[in-house]
Number of protein chains: 2
Amino acid sequence: MPRARTTETADRIRAAALELIAVKGVHQVSLREIAERVGVTKPALYYHFASRDDLVRSLVQPFIDEVEAALARFGPGADPRELLGAYFDAAYRHRDVTAMIMRDPSILAMVDLASAVGDWRRRIVTMLTGSDPALADVVRVQMAIGGLGDCTVVLPGAPAAPLREAVLDAACDMLRR
Amino acid sequence: MPRARTTETADRIRAAALELIAVKGVHQVSLREIAERVGVTKPALYYHFASRDDLVRSLVQPFIDEVEAALARFGPGADPRELLGAYFDAAYRHRDVTAMIMRDPSILAMVDLASAVGDWRRRIVTMLTGSDPALADVVRVQMAIGGLGDCTVVLPGAPAAPLREAVLDAACDMLRR
DNA sequence: GTCTATAGAGGGATAGAC
DNA sequence: GTCTATCCCTCTATAGAC
């Protein structure tokens, strides 16, 4: 019962699952549908993934890991543009996963990672405002993070580089007050 | 087979459904759970609501109606603080519903209202930027809307009036560039 | 207006052949 | 590594008594 192997078939299964879930939401997609799109049967999936949850987790994990790694490079008093830029880059690089999560955040609860995302926000707020910040400062950071994530998904047609600059400009303008 | 009646039991069913869905997500809550919390049996729900979808829709509809009514009061060249303030008020007044939607947006697809929400954003962007806006301007409006919705939910402990002012200050600072 | 009972569908997961 | 066949579970929804 190998778990989340990196065989070629496993990759095709992951790709099919990602596409379907991004469109329909996590809980609207059954293993039968995924298997059909790949061109195999349900039990075949269980050769590559220990369970449904195991499959879903393997979709999200690379994104989680990259954000964690990015945040780990910063500490208190970090430069806002660099910190938010690193977060944007991770969200944009995995924007297929980001879109999937934004469409149905319950996927995070499903793989028990909702607390991780909450942590990200709290850590960014702390790094950018210090301890015991005023409500106004917390609001500005929260709006920057929330809006940033939105833009990687709501404006899919926009070219990457200008979008990145526009988002960071707006976020930094808001934070500078 | 009455639909979405306003009897007292129907209200208790709606309240129970809202609480459960806000915590677990739409598709993690069954009619059995809702019925148990209310203290009745499943078939009793079907006396008050034509279907599962009918129940869910009756939860979201008042919020949708209020936002639509708020947006209808504005047109091209609207004052950003007033327009976003009206949107904030609707989101905050129904913040239990807003939280439910943000936790699991697939609820919108479920009741076929995702397009309505997309429309809101487009209409607000158009009213605040005019036609054929630059990417930078669209980004700022999208970030303002997204961040605004986030803050009504991410900062549940904050008192309403100061939160409202802080959010609108931040949004307007960002838009003024 | 609420109950018991049940139909009917579809889901996740496993056994065992090949 | 993939298949056929199957188990067991939970769900939505309905029928019909009270």
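By what turn and what shift along the axis can chain A be laid on chain B? I will start there, and note first that this is a predicted model. The turn is 180 degrees, the shift along the axis is 0.1 Å, and the RMSD is 0.1 Å. The two copies are thus related as by a two-fold rotation axis. Both copies use the same surface, since 100% of the contact residues of chain A recur in chain B. For background, two copies of a chain are related by a rotation about an axis and a shift along it.

Next, chain A by itself. How many helices and how many strands does chain A have? There are 10 helices and 0 strands. Read from the N terminus, the elements of chain A are therefore simply α-α-α-α-α-α-α-α-α-α. Along the principal axes, the C-alpha atoms of chain A fill a box of roughly 55 × 30 × 25 Å.

Now the record. An unreviewed UniProt entry carries the annotation "domain: HTH tetR-type" for residues 7-67 of chain A. In the model that span is 79% helix and 0% strand, and its end C-alpha atoms lie 25 Å apart. The unreviewed entry also has the annotation "DNA-binding region", covering residues 30-49 of chain A. Over residues 30-49 the chain is 75% helix and 0% strand, with the end C-alpha atoms 14 Å apart.

The rest of the talk is about pairs of helices. Two packed helices are described by the angle between their axes and the distance between the axes.

The crossing of α1(A) past α2(A) is right-handed. Which residues make the contact? From α1(A) they are Arg12(A), Ile13(A), Ala16(A), Ala17(A), Glu19(A), Leu20(A) and Lys24(A). From α2(A) they are Glu33(A), Ile34(A), Arg37(A) and Val38(A). By class, this contact of α1(A) with α2(A) has 6 nonpolar, no polar and 5 charged residues.

The second pair is also in chain A: helix α5, residues 80-93, and helix α9, residues 135-154. The axes come within 10 Å and cross at roughly 30 degrees. Angles under 35 degrees count as roughly parallel, and α5(A) and α9(A) are therefore roughly parallel to each other. α5(A) passes α9(A) in a right-handed crossing. On the α5(A) side the contact is made by Leu84(A), Tyr87(A), Phe88(A), Ala91(A) and Tyr92(A). On the α9(A) side it is made by Ala144(A), Ile145(A), Leu148(A) and Thr152(A). The residues of this contact of α5(A) with α9(A) divide into 8 nonpolar, 1 polar and no charged.

The last pair is in chain B. Here helix α4, residues 52-72, packs with helix α5, residues 80-93, at an angle of about 165 degrees, and the axes are 9 Å apart. Are they roughly parallel or roughly antiparallel? That angle makes α4(B) roughly antiparallel to α5(B). The crossing of α4(B) and α5(B) is right-handed. In α4(B), the residues Phe63(B), Glu66(B), Val67(B), Ala70(B) and Leu71(B) take part. They meet Leu83(B), Ala86(B), Tyr87(B), Ala90(B), Ala91(B) and Arg93(B) in α5(B). The contact of α4(B) with α5(B) has 9 nonpolar, no polar and 2 charged residues.

Note on methods:
Residues are numbered from 1 along each chain as its sequence is written. Chains are lettered from A and ligands numbered from 1 in the order in which they are written. This is a predicted model: local features need pLDDT of at least 70, side-chain atom pairs count only at pLDDT 80 or more; totals for chains, interfaces and linings use all residues. Side-chain values use heavy atoms; hydrogens and water are left out. A crossing is left-handed if the near helix is turned anticlockwise from the far one by less than a right angle, and right-handed if clockwise. Helices (H or I, at least four residues) and strands (E, at least two) are DSSP runs, numbered from the N terminus. Contact means heavy atoms within 4.5 Å. Ala, Val, Leu, Ile, Met, Phe, Trp, Tyr, Cys and Pro count as nonpolar, Asp, Glu, Lys and Arg as charged, and the others, Gly among them, as polar. Copies are superposed by least squares on the C-alpha atoms of residues with pLDDT of at least 70 in both. UniProt positions are given in the numbering used here, feature names are shortened, and annotations may be inferred rather than shown by experiment. Axes are lines fitted to C-alpha atoms, for helices over the stretch in contact, and angles run from 0 to 180 degrees between N-to-C directions. Angles under 35 degrees count as roughly parallel, over 145 as roughly antiparallel, 65 to 115 as roughly perpendicular and the rest as oblique.
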